[in-house]
Structure formats: C-alpha cells, structure tokens
Amino acid sequence: MLVISVLAAAIGAGTAILFACLGEILCERAGILNLGVEGMMLSGALAGFATTYGTGNPWLGALAALAAGGLLSLIHALLTISLNANQVVSGLALTLFGGGLTAFLGQPLVGLPAPASFGKLPIPGLAAIPVLGPILFRQDALTYLSYALVPLLWYWIYRTRPGLYLRAVGESPATVDAMGLSVQRLRYIYVVLGGMLAGLGGAAISLASNPGWTENMTAGRGWIAIALVIFATWNPTRAAVGAYLFGGVEALQFRLQGAGTSISPFFLNMLPYLFTIIVLVLATRETVRRRIAAPAALGLPYFREERS
Amino acid sequence: MNAVELTSVTKRFGSVVANDNVTFAAQVGEVHALLGENGAGKSTLMSVLAGLYRPDAGTIAVNGAVQHFRSPRDAIAQGIGMVYQHFMLVDSLTVAENAMLGQAGHGVRLHTAPVERELAELGQRYGLAVDPRARIWQLSVGEQQRVEILRLLYRGAKVLVFDEPTAVLTPQEAAGLIGTLRDMAADGLCIIFISHKLDEVLAVADRITVLRHGRTVTTVERRATNRHELARLMVGRELMGVVADQPQAVAGDAGVVNLEVRGLSAEGDKGVRALQGVELQVRSGEILGIAGVAGNGQRELAEVITGLRRATSGEVRIGGQDTTRCSPREIVAAGVAHIPEDRNGTGLIPSLDLQDNLILKHYRQQPLARGLFLNGAAIGNFADRLLSKYNVAAPSRAAKARLLSGGNQQKLLLARELSGQPRLIVAVHPTRGVDVGATEAIHHLLLAQRSRGAAVLLISEDLDELLALSDRIAVLYEGKVMDTVPARGADVGYLGLLMAGGAQSGAADHGRPMDTGGIINQDVAH
Ligand SMILES: Nc1ncnc2c1ncn2[C@@H]1O[C@H](COP(=O)(O)OP(=O)(O)OP(=O)(O)O)[C@@H](O)[C@H]1O
Ligand SMILES: [Mg+2]
C-alpha cells in the first residue's frame with residue numbers, strides 16, 4: 001500500500017518536471033539552449049495561480065501559465081535568434097529575471113488559499129485496475145495531459161515531416177536553410193513552444209501538486225528538467241522515465257520527513273539534486289557509448305553569410 | 001535562350017569583394033563551366049544564384065524574368081538547385097530524410113519508403129548508388145557527394161549548379177559523372193559546373209566562363225579554346241605544368257623502415273570491418289601511394305596509424321617503436337605528421353587565428369612556451385617564418401583560419417605538420433579541392449620531405465598524382481591491400497582493375513597479379 005501511494009505521489013510530483021523537460025527538448029532539438037526554464041516555470045506558476053485566484057477557474061490559470069512561459073521564452077528567442085546574444089547568458093538572465101519578477105509581483109498572493117485547483121480525478125474504470133489504477137489513474141487533469149503529450153511529441157519528432165525539420169535544424173541549420181526552410185522561423189516556434197510547456201510545468205505545481213503560491217516555489221525543478229534532457233537523450237519517452245524517477249525521489253523524501261526519521265531534513269532535501277548529479281554522470285557515459293550526441297548545432301548561432 | 005542570367009553582380013564580405021560587377025549567363029541545354037582559381041569567387045557567385053547570398057548589387061534573371069531571391073526557397077521555386085562544395089547534409093539523418101528536407105509534401109506524416117525507392121532508382125539510373133537508408137555520418141565523403149547530387153535530381157531542378165563535384169570522386173567516377181552531366185544537358189537541363197581543373201572543364205563544358213579575382217575575364221566556346229589559353233585566362237600568367245616525373249628513389253630497400261604495418265584490422269564507424277590484415281612498409285626516403293575508391297578503408301588506415309582509431313588486431317610500428325596503443329600525442333612525439341582528409345575538422349581549428357593553428361603541435365616546447373606561459377614574441381616570429389616559408393597567402397598571422405581559401409588552408413596545415421622534421425608523413429587527399437598553383441606547391445613540399453629522408457604515406461584518389469609522386473603504389477579494396485606495385489611503369493588499367501576489386505582472386509589468393517605485361521609484384525608476402 002505504501003509503495004503504491006509513494007509511486008502515485010512520484011507521478012504527481014514528476015508532472016511539473018516532465019512538462020518543463022519536454023519543453024526544453026523541443027527547444028534544444030531546434031538548436032537553442034534555454035537555461036531560463038526555472039524562470040519560465042516560476043512565471044507560469046505565478047500567472048497560473050493569480051489567474052485562478054482571480055477567476056476561480058484553474059483552466060484559465062493553465063492558459064495564463066502557457067502564455068507567461070511563452071512570453072518569457074519569446075524574449076530569449078528574440079535575443080538569441082535575431083540579435084545573436086549568447087544563449088547561456090540570455091538563459092541565465094531569464095532565470096534571474098523570472099525569479100525576481102515573480103517574487104515581486106507575487107508578494108500579495110503568498111500564503112493565500114487556492115480557490116480552485118486541479119484535484120485528483122480518478123478515471124472511471126481504469127482507476128479500479130489493481131496496482132496500476134491507483135498509481136496512474138487517480139491523478140489530476142494536468143498529469144493526464146502530460147500522459148498524452150509524451151507519445152504525441154515522440155510521434156511529432158520522429159514520425160512527422162515537421163519533426164524531421166525540427167531534428168534537422170538543430171543538427172545543421174545551414175542545410176535546412178539551403179533546402180529552403182526558414183531556420184529563424186523554426187527556431188522561434190520551438191523556443192516559444194518550449195517556454196509554454198515550462199510555464200505549464202510551473203502551473204502543475206501551483207495549481208495541482210502544491211496549490212498556492214510561495215516565492216521560488218519551483219525550488220530548482222527547472223534545473224533538474226534541463227539536466228534530464230541529457231538523461232533523456234532528447235527523447236520524450238525517456239524524459240517521462242526520468243521525470244518520474246525524480247518525482248519518486250521527491251515523494252520518498254517527503255514520506256521520510258513525514259514519518260519522522262532521524263535523517264537530517266537538510267540531507268533529505270538535498271537528495272533530488274544529488275540524484276541529478278549521479279544520473280547525469282551515468283547518462284553521459286551512456287550517450288557517449290551509444291553515440292547519441294546533443295544536436296550538433298546546439299548553442300551555436302546561425303547567420304547565413306557567416307562562415308563556420 | 002538563357003536559363004539564368006546574372007548581371008553586374010557585386011558581393012562583399014566585410015572588406016573582401018568576392019564578386020565585383022560579374023556578369024554570367026547560362027543557356028538551357030548546355031553545360032556551362034565556371035572556371036577560376038581558389039578564391040576567385042565562383043562559389044560566392046553561384047550562392048547568389050541559389051538564393052543563399054544576397055548580392056550587394058546586380059540582378060538575377062531566370063528565363064528572362066528578373067527575380068529577387070530572398071532565400072534559397074525562392075531559388076528552388078524557380079528550379080535552381082546547387083550541390084554545394086561544403087556538403088549541406090544533416091549527419092544524423094538518413095539519405096532519404098535529407099532528400100525530403102524542405103520538399104513540399106503531402107500531409108504531416110513522414111513517408112520515407114516512396115522517397116527511398118525513388119532515390120534508389122535515380123541512383124541506379126545515374127550510376128550514383130548509395131543506400132537511401134544509411135545515415136550520412138556512416139558514408140564516405142564520396143558517397144555523401146552522391147547524396148547531394150541525388151537529392152538535386154530527386155527535386156527535379158531545371159538549373160543545376162555543381163560546385164567542384166569531382167573533387168571527391170575517383171577518376172572513373174568523375175568520368176561517369178561527366179557523362180551524366182552531358183546526358184542531363186541533352187535532356188534540356190541547364191548545368192553549371194564549377195571547377196579549377198582544366199582537363200575536366202574541357203571534357204564537360206560547351207561554354208566556359210573564367211573568373212579571376214572576383215571579376216569575369218571572358219566567356220569562351222569550348223571548341224574555340226584550348227588548355228593553354230584557359231590556364232592563362234584563369235591564372236593570369238603562364239603555368240609551369242604538372243610536376244615532372246621525379247627521380248624515384250632507386251634503392252627502396254636501402255632506407256630504414258619508418259612505418260611498418262602488420263596484420264592490421266580495424267572497424268569503421270558502422271562497426272563493420274574497415275581494414276582486414278593490412279601489411280605495409282614505408283622506408284625513409286620513400287613515398288608509398290595508397291590508391292583506392294573512397295570508402296575502402298583509406299580513412300581508417302590513416303586514423304589507426306595516427307592514433308585516432310583503435311586497431312582491433314595487428315600492429316603499427318613507427319621508427320621501430322610499437323605505437324599500436326599509443327595516444328595521438330605520443331604518436332606525434334614519435335615524429336608523425338598527419339594531413340587529414342577533413343582539413344577543417346581534424347586538421348585545423350577554423351575559428352582560431354593562423355598563429356594559434358600553427359603552434360598546435362609545438363606550443364609545449366621552448367621557446368614558444370615559457371613555463372606555463374606562451375611566449376608571444378617567439379610565437380609571432382615562428383608563425384611569420386612558417387607563413388612566408390610555405391607561401392600562405394593571408395592578410396596577417398592574426399587572421400582566422402576559416403577566412404583562408406581552401407588552397408591556403410591546406411598550405412597552412414602543411415606548414416604546421418612539416419615544420420617539425422617528421423619521420424613519417426601521413427597525407428590523405430592533400431590536394432583535393434585545391435587549385436593548380438597550390439597543388440604544384442604541395443607536390444613540391446611532399447617531394448622535398450622525401451628527399452630529406454621522411455617516409456610518406458600518400459593516400460589519394462587521383463591516380464595521376466599517385467603515379468607522379470609515389471615510389472610504390474598499394475591498392476586498397478574493401479580494407480585489404482590488393483597488391484603493391486612500383487609506380488614507375490605501372491599499368492593504369494591494372495591499378496583500376498584492382499581498385500574495382502577485379503583482380504581479387506588473382507592477387508589475394510595466389511599472391512600473383514593477373515598478367516598485365518611487366519608488372520612486378522613486390523609485396524607478395526601475404
Ligand atoms: N562567408 C564568407 N565570409 C567571408 N569571406 C568570404 C565568405 N565566402 C567567401 N569569402 C571570401 O570571398 C572570396 C571568394 O570566395 P569563394 O569561396 O567564392 O571562392 P571560390 O572561387 O569558390 O574558391 P575555391 O576554389 O577555393 O572554392 C575569398 O577571398 C573568400 O575568402
Ligand atoms: Mg568554391
């Protein structure tokens with residue numbers, strides 16, 4: 001019983017990371033590194049909660065979160081794609097900006113009760129399946145949405161024509177350009193889509209797993225999502241595995257704290273980040289062995305007449 | 001009628017004027033050659049036509065109508081396609097997927113099967129066979145070139161620009177391609193053929209436009225011109241001609257063995273056997289040429305010898321020392337110079353300046369290094385000395401390597417590699433894509449190294465080059481040495497046969513070549 005409830009909690013906690021990770025996969029597949037995930041998640045979380053607080057409708061909140069994340073990533077797109085700014089610097093600036101702005105704007109909302117949120121929504125029939133039912137099908141609407149998104153994105157990337165363009169533009173923008181596709185347009189689209197998903201990831205925290213708003217409530221999940229992209233080898237299915245693993249560590253840590261173990265809570269809080277480092281080391285070795293590399297043009301600006 | 005017409009096109013890159021008021025017209029149904037030395041502005045002009053570069057001045061007309069290309073998309077829509085000099089391929093995708101990029105298609109789903117079929121058919125028809133499902137990184141440079149050409153055919157372009165397409169082909173393949181281009185022109189397509197090789201241009205073109213220093217010199221009819229005139233138009237001076245038959249090292253047995261390869265096997269990138277039991281010896285003062293069609297283990301051989309690839313079995317000895325498991329740095333220390341196939345990726349660091357590229361192998365030594373620090377003045381001197389000694393045409397030693405033309409990049413690479421008095425030089429396609437003047441210079445440099453007593457392993461697809469420079473020639477086919485023959489008096493027909501694997505049973509199984517009239521089989525050891 002305990003195992004099942006920990007696993008169910010793992011999935012709930014993993015949803016936010018999963019959205020953000022899927023978003024970053026799209027962005028990096030297009031060849032743009034966006035280190036602003038944490039900032040975009042925070043703005044999504046705040047926008048989502050504030051809108052829900054004002055309207056009482058969490059769906060409107062989710063839409064607002066998408067918009068907030070998308071807007072912030074649009075800044076990144078403008079700076080890096082059109083103005084040739086350094087992607088690392090721009091991304092870090094985005095995280096700092098998102099953190100500062102949400103702390104400032106969100107002050108009046110700290111500690112307020114959520115008027116509505118995405119509650120657990122057992123799916124009739126499926127929820128009754130032993131073991132799997134309670135783990136997978138007694139979750140909230142956003143989690144179900146993420147279930148759908150994983151195969152959808154996988155199919156998009158590997159089985160569709162636009163997905164082919166996406167894979168190509170991150171590998172060799174010069175080729176994509178010479179073949180008559182617009183590198184800039186492709187990159188704008190996926191950077192903004194990626195930002196929207198990160199924003200939705202934020203909302204998955206403030207509207208579902210921990211309804212409410214506190215300053216810096218994402219607590220580094222944006223960074224974990226970025227690290228997970230490597231573990232996932234830029235593949236949505238593997239991203240799901242990774243996100244739930246992290247959700248599991250997080251859930252376990254809460255359980256242990258709740259059960260009043262003698263282990264220091266500081267140590268327990270550290271676990272997800274420690275786990276990130278270990279996973280990164282293992283994943284990197286794996287990618288090297290299997291020759292799965294990052295998109296070749298990741299992080300490199302593209303200008304047609306510039307010699308590379 | 002003119003299929004395309006460029007009028008008064010000017011294109012600048014910063015302070016460099018790549019095209020200066022150039023006028024060019026090519027007709028439907030002709031092969032029109034664009035001839036010029038490295039840096040003459042050929043690629044730039046055609047990139048303007050292909051919509052990749054926007055001209056600073058001038059107009060483009062297609063079938064008589066003026067067009068303003070804002071991107072390659074507009075040019076493709078007008079039926080203009082280009083096989084670029086630097087491949088425009090996505091390494092991680094398959095051949096078919098590369099062909100599908102940007103192609104207007106039906107629906108969202110990716111249907112590779114019909115494209116694969118069509119590519120396979122096209123490949124068969126034009127003698128450009130390549131597996132449509134292979135990923136680009138698994139293909140040799142020659143095969144990648146075929147993909148570029150196939151993609152163009154697949155797109156059904158009406159005006160096809162080929163930017164030095166034969167640079168990566170064997171003589172036979174090049175001849176085949178020239179036939180294909182003639183057929184395509186006869187079918188009513190307009191073929192523009194960029195080259196700096198006179199014979200090739202004379203063989204393929206109906207008309208020839210010569211570019212020099214970014215300006216149009218003239219356009220001539222093939223029938224109304226000759227090799228001599230073209231050379232003068234292109235270079236602006238009389239040419240010295242190809243390296244004369246050099247005195248071959250008579251007593252090959254006299255020098256010490258600088259490179260010995262025994263029973264060497266290695267895997268290629270695909271994980272298949274790329275080298276199988278290769279046996280070679282190169283002595284001091286000798287050039288051993290390696291002939292073979294692209295993708296028969298040449299690259300792997302060079303990589304294993306220089307420590308960039310692991311051998312699965314066998315042994316490499318350099319100057320008597322077993323270097324099979326040595327790191328590239330240890331192999332460099334053993335006195336090996338490497339002129340790799342991929343000069344921009346493995347040979348040079350394009351984004352570093354010339355002097356940094358020049359000290360890459362020596363930066364740890366006195367006087368370039370002073371403890372932990374680099375000695376700027378000494379490095380400056382060192383770089384200037386090499387640049388002038390090797391005649392590298394460059395604005396300054398602080399210029400970025402990527403801004404040099406292909407020929408000068410190659411000279412830069414040779415300057416670095418040859419400056420340390422190497423005992424073994426592994427040169428892979430050292431003159432590929434390099435104009436006549438620079439080719440001449442590179443040949444002289446390699447011969448000078450031989451006279452100095454270096455052993456040279458010269459891997460090339462250019463049989464003329466191998467015959468002119470080598471003392472002996474070994475033919476590599478499917479990772480095996482088919483035979484090794486003295487270069488002097490070697491029978492080109494026999495070499496071609498070996499390159500195609502034709503004499504395999506004769507040479508490999510019985511240790512004796514087919515009767516080819518007077519060829520002595522030296523290395524029958526295997
Ligand atoms: N993107 C670029 N940025 C800066 N300079 C460039 C660029 N492209 C070309 N050039 C410069 O313009 C001149 C013409 O170059 P181009 O590549 O057109 O010559 P080419 O005739 O094709 O020579 P090659 O035979 O070596 O291919 C050279 O001096 C080159 O260095
Ligand atoms: Mg060129």
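**Salt bridges, pair by pair**

A: Let's start with B:Arg133 and B:Glu116, whose side chains meet in a salt bridge, N to O at 3.1 Å. The term stands for a side-chain nitrogen of Lys or Arg within 4 Å of a carboxyl oxygen of Asp or Glu. The two partners are 17 residues apart and link distant parts of the chain: B:Glu116 is in helix 4 (112-125) of chain B, while B:Arg133 is in the loop between helix 4 and helix 5 of that chain. (Helices, H or I with at least four residues, and strands, E with at least two, are DSSP runs numbered from the N terminus.) B:Arg133 counts as exposed because its relative accessibility is 58%, whereas B:Glu116 is buried at 13%. The cut-offs here are under 20% relative accessible area for buried, over 50% for exposed and partly exposed in between, with a 1.4 Å probe and protein chains only.

Some housekeeping before we go on. Residues are numbered from 1 along each chain as its sequence is written, with chains lettered from A and ligands numbered from 1 in the order in which they are written. This is a predicted model, where local features need pLDDT of at least 70, side-chain atom pairs count only at pLDDT 80 or more and totals for chains, interfaces and linings use all residues, and side-chain values use heavy atoms, leaving out hydrogens and water.

Next come B:Arg182 and B:Asp206, which form a salt bridge at 3.2 Å, N to O. These partners are 24 residues apart and also link distant parts of the chain: B:Arg182 belongs to helix 6 (171-186) of chain B, and B:Asp206 to the loop between helix 7 (198-204) and strand 9 (207-212). B:Arg182 is partly exposed, because its relative accessibility is 27%. B:Asp206 is partly exposed too, at 24%.

Stay around helix 7 for another pair. B:Asp199 and B:Arg227 meet in a salt bridge of 2.7 Å, N to O. B:Asp199 is in helix 7 and B:Arg227 in helix 8 (227-235) of chain B, 28 residues apart, so to speak a link between distant parts of the chain. Both partners fall into the middle class: B:Asp199 is partly exposed at 48%, and B:Arg227 is partly exposed at 39%.

While you're at helix 7 of chain B, find B:Glu200, which is in that helix as well. B:Glu200 is buried, because its relative accessible area is 12%. Leaving aside residues up to four places away in sequence, B:Glu200 touches B:Thr166, B:Ile178, B:Phe193 and B:Ser195; contact means heavy atoms within 4.5 Å. With B:Thr166 there is a side-chain polar contact of 2.6 Å. That term needs a pair of N or O atoms within 3.5 Å; within protein, one must be able to donate a hydrogen and the other to accept it, and residues adjacent in sequence count only if both atoms are side-chain atoms.

Salt bridges can also join into a network: B:Glu260, B:Arg262, B:Glu315 and B:Arg317 are linked that way. Over all chains, the rule gives 21 salt bridges.

Now for the place where the two chains meet. Across the interface of chain B and chain A, the rule finds one salt bridge. A:Arg167 and B:Glu97 form a salt bridge, with their closest N and O atoms 3.6 Å apart. On the chain B side, strand 1 (2-13), helix 2 (72-77), helix 3 (95-100) and helix 5 (141-155) each supply at least two of the residues that touch chain A.

How many residues does the contact take from each chain? Chain B gives 36 residues and chain A gives 25. Together the chains bury about 2600 Å², with 57% of it on carbon and sulfur atoms. Buried area is the accessible area (1.4 Å probe) that two parts lose on being put together, summed over both. In chain B, the residues losing the most area to chain A are B:Leu101, B:Leu110 and B:Arg402, together 20% of what that side buries.
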